[in-house]
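Keep the 3D view open as you read.

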Amino acid sequence: MLRFLRLLAVATLTPIAAVAQSCGTTDLIAELGADDRARLDALVAPHVYSTGNLWRAEKDGTAVIVAGTLHIPDARLAPMVEAIRPHLESSDLLIIEATSKDEAALAGLAAAKPDFFFITEGPTLIDLLGPEDWSRTEERLAALGVPGFLGAKFQPWYMNLTLAIPPCAMALIQSGEKGFDRQLEDIALANGVALASLDDAEAVLALFADEPIEDQLDGLRITLNTQENADANTSTLVEAYFDGRTREGWEFARIQIEAAGIENGAEMFDEINQTLLVGRNQKWEPVIAGLVTGKNAVLAVGAAHLSGESGVLRALERAGYVVRGLK
């Protein structure tokens with residue numbers, strides 16, 4: 001499930017290759033039966049700004065260009081990046097969830113706090129998960145090129161985030177291809193546009209790491225039991241993203257959990273929705289308002305953060321901005 005939650009507000013061997021070329025273009029949402037389709041529509045309907053990825057918010061002669069981002073590379077991002085480029089090149093500020101420097105700082109965290117990421121004593125995941133679930137984990141790790149003996153020592157939350165990397169997109173990541181936010185960051189740096197980040201990367205990881213171990217294991221089991229066809233799940237989210245069905249892609253995770261019949265699955269989804277989406281949006285709202293006041297800016301956050309009453313578009317409205325689609 002974490003794959004779904006990361007790809008909307010998280011990554012071929014050739015620079016022009018796209019996720020669609022390696023993951024396929026399967027859209028599991030299009031294959032839903034009538035009852036599940038109606039259920040998904042009902043879940044999406046209450047949320048304002050449920051479709052669309054590019055927006056313009058205006059106030060007092062200034063403009064904030066808002067982009068719902070996809071964190072993995074895809075060639076279809078190119079026209080979206082180009083649509084924003086002229087606005088970004090003349091902006092005062094680019095606001096993203098975390099800068100590349102923020103993420104690079106996490107590399108040192110593993111050395112400074114190994115027990116944050118790894119099980120340093122006691123039973124490993126082999127024992128904590130049991131034979132059946134560990135066998136599924138090993139298969140998924142093999143697809144990512146991660147040795148099982150190493151993965152066995154991952155904290156459950158860290159394993160869950162590791163499995164959120166689509167196997168079909170791993171080559172793109174390894175080749176240095178970049179997602180939407182990183183491409184915008186490169187443009188900003190090349191043009192001397194200031195950068196601001198919304199998240200403390202370590203604090204976001206702590207949202208996962210601070211959960212009780214049993215809750216972490218339950219979340220990992222949900223991922224293992226609802227993401228058997230990882231490529232199809234990834235391509236489903238990617239297709240929804242490029243169709244502008246941003247909220248639909250997020251809520252589809254709930255449909256999958258319901259279909260899997262996982263005990264307490266719905267409650268767990270609600271908790272993650274509150275923590276990763278609603279809670280972060282609420283924390284961001286005053287920060288964004290302070291950063292953009294009196295400035296021309298570009299705000300780029302995961303697409304799932306756009307919609308709903310807590311979403312960044314509604315937050316900009318509450319700050320006095322008039323929001324409309326970017327053409």
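Helices are DSSP runs of H or I with at least four residues, strands are runs of E with at least two, and both are numbered from the N terminus. The model is predicted, so local features need pLDDT of at least 70 and side-chain atom pairs count only at pLDDT 80 or more, while totals for chains, interfaces and linings use all residues. Residues are numbered from 1 along each chain as its sequence is written, and side-chain values use heavy atoms, leaving out hydrogens and water.

Start with the salt bridges. A salt bridge here is a side-chain nitrogen of Lys or Arg within 4 Å of a carboxyl oxygen of Asp or Glu. The structure holds 27 of them.

Go to helix α8, residues 131-144. Arg136 pairs with Glu132 in a salt bridge, with 3.3 Å between the closest N and O atoms. The two residues are 4 apart in the helix, so about one helical turn separates them. How accessible is Arg136? Arg136 is partly exposed, at 24% relative accessible area. Glu132 is exposed, at 56%. Buried means under 20% relative accessible area, exposed means over 50%, and partly exposed lies in between (1.4 Å probe, protein chains only).

Now turn to a buried pair. Glu248 and Arg245 form a salt bridge with an N to O distance of 2.5 Å. Both residues are buried. They also belong to a network of salt bridges, which links them with Asp27, Arg37, Asp41 and Asp243.

Next, Arg318 and Glu285. Their side chains meet in a salt bridge at 3.0 Å, N to O. Arg318 sits in helix α18 (residues 312-318) and Glu285 in helix α17 (residues 265-292), so the pair ties together parts 33 residues apart in sequence. Arg318 is partly exposed at 45% relative accessibility. Glu285 is partly exposed too, at 23%.

Finish at the surface. Which residues gather in a patch of negative charge? They are Asp210, Glu211, Glu214, Asp215, Glu267 and Glu271. Patch residues have over 30% relative accessible area and no salt bridge, and like charges are joined within 9 Å. Areas come from the Shrake-Rupley method with a 1.4 Å probe, and for residues only the protein chains shown count as cover. Asp and Glu count as negative. Each charge is placed at CG of Asp or CD of Glu. Helices α14 (213-226) and α17 each supply at least two residues of the patch. Glu211 lies in the loop between α13 (201-209) and α14. Glu211 is partly exposed, at 35% relative accessible area.

How values were computed: Patches are made of residues with over 30% relative accessible area and no salt bridge: like charges are joined within 9 Å, nonpolar side chains (Val, Leu, Ile, Met, Phe, Trp, Tyr) within 5 Å.
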